[in-house]
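Colleague: May I ask you about the aromatic rings in this model? I would like to go through them one topic at a time.
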Amino acid sequence: MSESDVAFRSLVDKFRFERVLNSNPQTKTISLLGLIDNAPAILTAEKTHFTFDENKVESPSASNESDSRTLHRCENEYTCINALQELRQLTSNDIYYWGLAVLKQNMDHNPTTRLNLIWPATTVHIRKFEQQQLHLVRETPETYERIVKPYIDEMYQLGRLKWVHNILYHGAEADRVVYRDFLDDNKRDGFVILPDMKWDGVNLDALYLVAIFYRDDLKSIRDLRPEDRNWLKSLNTKIKTIVPGCYNYTIRADELRIFVHYQPSYYHFHIHIVNVKHPGLNDGIAAGKAILLDDLIENLKYLGPRGYMNRTLTYVIGDNHDLWERGLREVVSKQLEEDGIPKTPKVVNDFAEDGD
Ligand code: G7M
């Protein structure tokens with residue numbers, strides 16, 4: 001075990017469970033709130049996907065691109081059904097059989113779970129992970145200036161970006177960095193690509209990278225102007241060129257979903273790079289949260305000199321988000337009224353009244 005394994009293990013061992021914040025049977029994740037040394041901690045576990053070792057086989061006779069990319073899916077004792085240790089049938093019916101199984105697990109080949117720990121966790125973290133009611137809000141430029149911008153400025157002052165600065169300037173996660181684009185005479189346009197905290201770094205089906213930029217004048221897409229268009233275009237090209245090469249071309253440029261979040265959790269410009277077949281964890285890739293980089297580039301052609309500051313942006317927000325209480329709740333109810341949507345009638349719950 002490395003020193004960092006030992007430190008992580010001792011923190012997880014000290015975790016004292018308090019309550020479940022959220023769990024999702026589709027993404028197979030659970031987030032637990034607990035205490036470590038009397039400070040709040042959030043432990044998230046995600047059951048990992050099945051793995052196959054993938055080797056690229058260069059065929060000497062390959063004359064076209066698809067031939068040269070033939071994938072050889074090699075099996076080992078841990079891939080999929082080879083790892084079967086126990087099997088119990090639940091039922092069978094005609095030609096259909098189903099049951100439960102235990103598969104042999106191995107840290108290198110098929111670890112059971114990806115664990116994320118946030119410690120000490122702030123109330124912003126806890127509220128973000130907690131199950132909550134979601135709402136769609138239309139953020140006009142006026143709403144942005146009045147409610148959202150002051151919030152972003154406050155978040156910035158609170159120093160929630162320490163992890164970003166650690167990556168950019170202090171060598172954090174350096175051993176995992178996939179690519180660093182850093183020109184001494186043009187630091188402003190540079191960036192770092194590395195595995196997102198959400199990816200185990202093993203299974204390419206779930207490939208999830210994040211590109212973080214040295215520019216610190218962009219808090220979110222709201223700060224993008226038409227003059228940034230060429231910069232974004234060259235980023236897009238670089239990402240699509242570099243990432244497939246980093247993974248031995250087992251993933252192609254057109255298999256990368258490249259997008260940003262609005263609202264993001266962290267107000268320092270960064271881009272998500274995800275295998276297009278990944279359905280996304282929670283709402284990370286959903287409409288109302290993810291905006292494709294290609295669409296950003298295209299839209300900047302038409303938005304005028306103030307760029308994204310001119311647009312109304314529609315997105316999903318949870319009622320645990322600070323912005324909800326800071327004014328978005330009123331914005332939403334006013335918008336529904338202006339749109340002529342009838343007020344929701346009071347719904348009587350018959351079952352509750354019957355005492356069932
Ligand atoms: O929603 P937003 O666009 O702000 O997403 C931020 C992304 O950064 C998420 O996909 C996180 O999983 C990722 N992320 C957050 N932290 C704190 C870290 C970190 O410390 N390291 C890495 N590699 N990714 C992180």
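Colleague: How many aromatic pairs are there?

Modeller: The count comes to 10 aromatic pairs in this predicted model.

Colleague: Take Phe 213 and Trp 231: how are their rings arranged?

Modeller: The pair is edge-to-face, because the planes of Phe 213 and Trp 231 stand at 70°. Their ring centres are 5.3 Å apart.

Colleague: Which parts does that pair tie together?

Modeller: Phe 213 belongs to strand β12 (residues 208–213) and Trp 231 to helix α6 (residues 229–246), so the pair joins parts that are 18 residues apart in sequence.

Colleague: Are Phe 213 and Trp 231 buried or exposed?

Modeller: Phe 213 is buried, at 0% relative accessibility. Trp 231 is buried as well, with a relative accessible area of 9%.

Colleague: And what about Tyr 262 and Tyr 315?

Modeller: With ring centres 5.3 Å apart and planes at 80°, Tyr 262 and Tyr 315 form an edge-to-face pair. Tyr 262 sits in the loop between β13 (256–261) and β14 (270–275), while Tyr 315 is in strand β16 (residues 313–318), so this pair ties together parts 53 residues apart in sequence. Tyr 262 is buried at 2% relative accessible area, and Tyr 315 is buried at 1%.

Colleague: Which residues do ring pairs link into a cluster?

Modeller: The cluster consists of Tyr 179, Phe 191, Phe 213, Trp 231 and Phe 269.

Colleague: Changing topic, which residue lies over the face of Trp 231?

Modeller: That is Arg 215, at 4.6 Å from the ring centre. Likewise, Lys 219 lies over the face of Tyr 156, at 4.2 Å from the ring centre.

Key
Residues are numbered from 1 along each chain as its sequence is written. This is a predicted model: local features need pLDDT of at least 70, side-chain atom pairs count only at pLDDT 80 or more; totals for chains, interfaces and linings use all residues. Side-chain values use heavy atoms; hydrogens and water are left out. Rings of Phe, Tyr and Trp (its six-membered ring) pair if their centres lie within 6.5 Å; planes under 30 degrees apart count as stacked, over 60 as edge-to-face and the rest as tilted. Helices (H or I, at least four residues) and strands (E, at least two) are DSSP runs, numbered from the N terminus. Buried means under 20% relative accessible area, exposed over 50%, partly exposed in between (1.4 Å probe, protein chains only). A charge sits over a ring if NZ of Lys or CZ of Arg is within 6 Å of the ring centre and within 35 degrees of the ring normal.
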